[in-house]
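Please keep the sequence and the 3D view at hand while reading.

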Protein chains: 2
Amino acid sequence: HMYMPVSYGDPVKEYERLINGVAMWDVAVERQVQLTGPDAAALAQILTTRDLTGMKIGQGKYAPLCDHAGTLINDPVLLKLAENLFWFSIADSDILLWAKAICAERVFDVAISEPDVSPLAIQGPKARAVAGNLFGGWVNDLKYFAFREAVLEGIPLVVARSGWSKQGGFELYLRDGTKGAALWNLVKEAGRAYDIGPGAPNYVERVESGLLSFGADTDETTNPFEVGLAKQVQLDQDADFIGKAALIRIVRDGIKRRRVGLLIDGTRLTPNQHPAEILVENRCVGRMSACCYSPRRAKNIGIALIEEKWASGTTGLYVNLDGKMRSLEVTPLPFC
Amino acid sequence: HMYMPVSYGDPVKEYERLINGVAMWDVAVERQVQLTGPDAAALAQILTTRDLTGMKIGQGKYAPLCDHAGTLINDPVLLKLAENLFWFSIADSDILLWAKAICAERVFDVAISEPDVSPLAIQGPKARAVAGNLFGGWVNDLKYFAFREAVLEGIPLVVARSGWSKQGGFELYLRDGTKGAALWNLVKEAGRAYDIGPGAPNYVERVESGLLSFGADTDETTNPFEVGLAKQVQLDQDADFIGKAALIRIVRDGIKRRRVGLLIDGTRLTPNQHPAEILVENRCVGRMSACCYSPRRAKNIGIALIEEKWASGTTGLYVNLDGKMRSLEVTPLPFC
């Protein structure tokens, strides 16, 4: 229930900064679902398919959430801030009421809220230099998804090595919404020497990198195995997390669809996130959720969820874009 | 997760049409949470504070939802379409995952989904004539919140006597999203003789009418008693609905805040929905969630949630609007 600034007017420059330089993004839209209280760790474990055994304070984990049918309902990053304090930094669905319902129905002693926390991302190969400039050397020693609490000129932050791109960088979780402009200006100043500029999670880069976009690449029945999250679904753990029984059945019955990359024939595409059917002899065998021209691959590329039997298809696959049939070749993700 | 067209460029004309004529609104943003299956009625009853005993097919009920702490989480209209088929036509929070969580945790046999249903509202004193024109006389015999399934030139609808105004009218629940433009044009044509025009839930009319706007007039701790929904919270019913125990405690401990109307001193206001603190000797005693100039009352009016002790206050109350202190007088809702 929050808007995200998605472009500052020059998508090409925004892409190039992310790939070759450094970009700063207002991703306050990444809201946190905070769990705090004696049972916070137990509730977090019930909510996610990921085995949290041994998770340490200061660690983050990509931690998918499923419903009882094994359907993916979000793919947040989980941050452990204290033994009894966790944040699910969520993707585009509302987990606050879901978590409250599970918590109350199972009588866990956990307070659940959406705290005043608004991330700002610094992404791109020069993000390390900018973050080092702001915070000092320790920030570049953080492992991927690790974080540390910090205060920058009086602004309370959680600084994490993370971000929704494959170009590397950091997310500064601002813990006081009144200081957003102050933080923005500090980052802008620190990045000036590296030609930092504003941007947003980048459509072309995310397709090239094969990043999962929850709600775009998924539908109402998508399970985590279909979209490449098998490693984050630990069925052999002790915890009886939500969806476990269903996911065991799903594995036993065989995975029916797979998220794949597509190479798309024809003239150069403009970015398009309207879903389009994948056709084989006029039968729909899948759904393309994103496509664009990739500057780095110098090809038209796309992302689709497709029937398993066609997931290695190299001929006979088509998509209808703006009334024009284009042939497709399936390819593994990522493209770059 | 859907946009609503909120104005077509002339707010004054849109208000006047609603008060004196007839307006048509694209309120597809009112999504339905559909419950279907053998336990649908039982689940609906657990989810709402309203006693559904004796509810008949074709009836609608204003049916608030609370969480386990007795906090209001939505104030939908519930429609009973069949013994095993219900829609919660929801306000601005996401109840789909909430309902799925409760359903699965309690092992109810109910399928929960968001069907392809998009309401179009016809509102205003001339709405009866337009609806009669479209559907025939039966439509004007519907009781408030009652509905009937109908087909209009091949377009499948549920026609309900309801809508988010106090000016009377109907909501046409379109059951096939591909026919939205066709339905829009039929309504426009039928309303031509009554000077129908496009609009949206009207800010000024809703303040004048004292309609509850969930998420605006409520906060993270608002209970239904605070916002005038005592009649919809039936604590003496048999069903152990979610929040019942907490709501019994809340009543026992006494209601601490009340939703009230405000008469606001000073020059004519422009509509403003930024919340503002209600002050008594510089102490915050409540929050004003909406204010505007009322053409019908010829006064500046507002809606606030205020400490019970000030809920009849006539002096000493102030609000700071754009740096200017204005004195307030509390008054019951509605204004008109």
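A:Pro334 is found in the segment after strand 19 (324-331) of chain A, where helices (H or I, at least four residues) and strands (E, at least two) are DSSP runs numbered from the N terminus. The peptide bond that joins A:Leu333 to A:Pro334 is cis, with an omega of about -5 degrees. In chain B, B:Pro334 likewise sits in the segment after strand 19 (324-331), and the bond from B:Leu333 to B:Pro334 is cis with omega near -5 degrees. As background, most peptide bonds are trans, and most residues other than glycine have a negative phi.

## Basis of the values

This is a predicted model, in which local features need pLDDT of at least 70 and side-chain atom pairs count only at pLDDT 80 or more, whereas totals for chains, interfaces and linings use all residues. Residues are numbered from 1 along each chain as its sequence is written, chains are lettered from A and ligands numbered from 1 in the order in which they are written, and side-chain values use heavy atoms, with hydrogens and water left out.

## How the two chains are related

Two copies of a chain are related by a rotation about an axis and a shift along it. The same surface serves both copies, since 100% of the contact residues of chain B recur in chain A, contact meaning heavy atoms within 4.5 Å.

In helix 4 (residues 127-135) of chain A, the residues A:Ala127, A:Val130, A:Ala131, A:Leu134 and A:Phe135 are buried, where buried means under 20% relative accessible area, exposed over 50%, and partly exposed in between (1.4 Å probe, protein chains only). Seen down the axis of helix 4 of chain A, these buried residues fall within an arc of 110 degrees, so they line one face of the helix; the arc is that of the directions from the helix axis to the C-beta atoms. They pack against strand 9 (118-123), strand 10 (147-152), strand 11 (155-160), strand 12 (169-174) and helix 5 of chain A. Helix 4 of chain A is followed by A:Gly136, whose phi is positive, near 95 degrees.

In chain B, the buried residues of helix 4 (residues 127-135) are B:Ala127, B:Val130, B:Ala131, B:Leu134 and B:Phe135. What covers them includes strand 9 (118-123), strand 12 (169-174) and helix 5 (180-191) of chain B. Just after this helix of chain B, B:Gly136 takes a positive phi of about 95 degrees.

## Helix 4 against helix 5

Helix 4 and helix 5 of chain B pack at an angle of about 115 degrees, with their axes 9 Å apart; the axes are lines fitted to C-alpha atoms, for helices over the stretch in contact, and angles run from 0 to 180 degrees between N-to-C directions. From helix 4 of chain B, the contact is made by B:Val130, B:Asn133 and B:Leu134, and from helix 5 of chain B by B:Leu186, B:Val187, B:Ala190 and B:Gly191.

In chain A, A:Trp184 lies in helix 5 (residues 180-191). Not counting residues up to four places away in sequence, A:Trp184 touches A:Tyr8, A:Met24, A:Trp25, A:Asp26, A:Leu120 and A:Pro198. A:Trp184 and A:Pro198 are 14 residues apart in sequence and 9.7 Å apart in space, C-alpha to C-alpha.

## Loop residues of chain A

A:Val107 is placed in the loop between helix 3 (96-105) and strand 8 (111-113) of chain A, and has a positive phi of about 55 degrees although it is not a glycine. At 69% relative accessibility, A:Val107 counts as exposed. The loop between helix 3 and strand 8 of chain A also holds A:Asp109, which counts as partly exposed at 46% relative accessibility. A:Asp109 touches A:Thr36, A:Gly37, A:Pro38 and A:Asp39, not counting residues up to four places away in sequence.

A:Glu153 belongs to the loop between strand 10 and strand 11 of chain A. Its phi is near 45 degrees, a positive value in a residue other than glycine, and A:Glu153 is exposed, with a relative accessible area of 69%.
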